[in-house]
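Here's a quick tour of a protein model for you.

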Amino acid sequence: MPEARNSSYVDELAYVAKSEGVDYEALRRRVGLGRVIVVRNVRRAGVRPVAVGEGLRTKVNVNVGTSGTVVNVDLEVEKVRTAVKFGTDTLMDLSTGGDLDEVRRRLMEAAGAVPFGTVPTYQAWIDGVRKYGSANMPSDWFLAVVEKHLKDGVDFMTIHAGITRELAEKAVRSRRIAPLVSRGGTMLAIWMLENREENPYLKHWDYLLELFKEHDSVISLGDALRPGATADAHDELQIGELLSNSRLARDAVSRGVQVMIEGPGHMTLDKVVADVRLMKSLSGGLPYYVLGPLVTDVAVGYDHIASAIGAAVAAAAGADLICYLTPSEHLGLPGVEEVKEGLIAARIAAHAGDLVKLGRRAAHEDVEMSIRRALLDWNYQISRSLDPERSMRLKTQFQHDLSSCTMCGQYCVFLLLPKYLSERRLEREELLEKYGGGSLLVW
Ligand code: SF4
C-alpha cells in the first residue's frame, strides 16, 4: 500500500493490472486507498500476487487443515494440491491437530505460488492451554503467535479484533439460536470472560499493525459474531462487530496496512445484498471476504450449494473474496473429493457474480463457450470445463455415433436448424465483440 501511494510504478501492480485486464493507474489508486489489497509475500519467493477488491474478479478461498480428531497431514497436503489444481485463488490453514508448526510448513510448501493464510488464534489457544494449563495465557501470547506466523511467511491472517469484551458478554447472554459459531471467536470470547480483559488484538492493536506493516502481510478482520443460523442474521451482535471491524479497518488503512473484513455466515437471500452494501458503506469500500453466505440451514450434505447461491448474490453485489464450503459442512472434516466439489461450486458462484458485477469484462469465456456449444465443438467445451475428466465421463457414458450428444440425439436443435438459418448470422468475432468485450482471465 505505501508503495502504491508513493511510487508511480510497482511490479506487482503491473502484473495484476495485466492479468485482470484493468487500467494500471486506477488499480494503483485503489490499492493506495485500501479498496484493493494485493496478497503476496516478499519473504516467500514465487508467491503469485493476488489482488482482491473493487473492480476486480471475485476470488475464491479454500480452507484446509487437520482437526482435533483427524490428524492426517498427507491428506491435507492432497487437499491443497487438489485446490491448486482446480484453481483456488488463496488457501487457508485452519489446522487444530498435530504439530501445528510442522503442519503449516508442509501445507505452505504444497501451496506453492498460491497465497497462504492462517488463523493464529487457534494455535495461541491450543499451545497456550497446553503451556499454561487453562485459558489464562497472557494477552501478549496471542501476538507472539501472530509474529511466529508472520516470520514463517504467512500472507494473510484472520484476526478477530472486532469482538470486544462487551460484545462477548452480550453474546453469551443473547437469545440467539447459536450465540457464537466462530471457533477462533469463541476461544477469544472465553479468554476475555475468564480473564476479565479486553480482546488481546484490540489491546495490542498498535503493535499488531506495526507487525503486519513490517512483514507486508494482510489482516483479515474475522467475524467472530457472524450468524450461525439464518434466524440470527443482522442482529445487534453481528452489526456491532461489523461497526467495530469497519473502524479498525479504516484505522489500518490510514496507517498503511492492507486489510479486508470478513462477513457472514448464515442469512436468507433477501439480506445478502443489504449486508454487502452496509459493509461497503461502513468501511468506505474496503474488500469484503464472505464465508458463504449460507442462505438456508437445511441443506445438510449439500451446503456447498446453499453457500454458492448466497455467494453468487454477494459477489454480484460487490463481495470480493468468497470462502468455499464443502458438502461436509456441519457434518465433518471434508475429504479430497469434497474439497474439489466445494471449490468448483464457489468458483461458479464467483463467476456468476462477476457477470453482473463486471459485465462484459467477465463475459468473454461465456460467449466463447456458447458459440462452441452451438457448433457442437465438444473438444473445446470439455477441455475448457471446470473438471474436464468429469465432463468427458458424462459425455461418453452412453454410446452413439452422432456429432450431437445423447440428450436429443438426431433431434438435436443444432443439427435440425442450420439449413434454415439466415446467412447473415453474426460471425464469431462479431459475437465476441458484441457480448463479451473483456480480456479478463477467468478460467
Ligand atoms: S443433443 Fe440436445 S442437449 Fe445435446 S447438444 Fe444437441 S440440443 Fe444440446
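What radius of gyration would a compact globule with 443 residues have, and what does the protein chain have? A compact globule of 443 residues would come out near 22 Å, and the protein chain has 23 Å, so the two agree. Keep in mind that this is a predicted model.

**The whole chain**

- If you draw a box around the C-alpha atoms along the principal axes, the box is roughly 80 × 50 × 40 Å.
- The protein chain has 20 helices and 10 strands.
- Of its 443 residues, 47% count as buried.
- Take the contacts between residues at least 6 apart in sequence: 74% of them join residues at least 24 apart.

**The barrel**

- How many strands close into the barrel, and in what order? There are 8, going β3-β4-β5-β6-β7-β8-β9-β10, and the pairing is parallel.
- From one strand to the next, the twist averages 25°.
- A bit of background: the strands of a sheet pair through backbone hydrogen bonds, and they can do so in a parallel or an antiparallel way.

- Strand β4 covers residues 90-93 and strand β5 covers residues 116-118; they run parallel and are joined by 3 bridges.
- To spot that pairing in the picture, look for Leu 91, whose bridge partner in β5 is Phe 116.
- Next along, β5 and β6 pair in the parallel sense over 2 bridges, and here Thr 118 has Met 157 in β6 as its bridge partner.
- Then β6 pairs with strand β7 (residues 218-221), again in the parallel sense, over 4 bridges.
- Are the two faces of strand β6 (residues 156-159) covered or open? Both are covered: Phe 156 and Thr 158 are buried on one side, and Met 157 and Ile 159 are buried on the other.

**Around the ligand**

- Which residues sit around the ligand? They are Ser 404, Cys 405, Met 407, Cys 408, Cys 412, Val 413 and Phe 414.
- By type, this shell divides into 6 nonpolar residues, 1 polar and no charged ones.

- Phe 86 lies in the loop between α4 (73-85) and β4.
- Leaving out residues up to four places away in sequence, Phe 86 touches Lys 340, Leu 343 and Ile 344.
- Phe 86 and Ala 306 are 220 residues apart along the chain, and their C-alpha atoms are separated by 20 Å.
- Gly 112 is in the loop between α5 (100-111) and β5, and counts as partly exposed because 15 other C-beta atoms lie within 10 Å.
- From Gly 112 to Gln 410 you go 298 residues in sequence and 48 Å in space, C-alpha to C-alpha.

- Where are the cis peptide bonds listed here? One runs from Pro 264 to Gly 265, with omega near 25°.
- Gly 265 is in the loop between β8 (259-263) and α13 (269-283).
- Another cis peptide bond joins Gly 292 and Pro 293, with omega about -10°.
- Pro 293 is in the loop between β9 (288-291) and α14 (303-317).
- His 234 isn't a glycine, yet its phi is positive, near 55°.
- You'll find His 234 in the loop between β7 and α12 (236-254), and with 17 C-beta neighbours inside 10 Å it counts as partly exposed.
- Leu 376 isn't a glycine either, and its phi is positive at about 55°.
- Leu 376 belongs to the loop between α16 (364-374) and α17 (378-383), and its 14 C-beta neighbours inside 10 Å make it partly exposed.

How values were computed:
Residues numbered from 1 in each chain as written. Predicted model: local features only at pLDDT ≥ 70, side-chain atom pairs only at ≥ 80, totals over all residues. Near = placed C-beta within 6 Å. Nonpolar A, V, L, I, M, F, W, Y, C, P; charged D, E, K, R; others polar. Rg over C-alpha atoms; globule rule 2.2 N^0.38 Å. Buried ≥ 20, exposed ≤ 12 C-beta atoms within 10 Å, placed from the backbone. Contact = placed C-beta atoms within 7 Å. Pairing = 2+ DSSP bridges. Axes fitted to C-alpha atoms, helices over the stretch in contact; angles between N-to-C directions.
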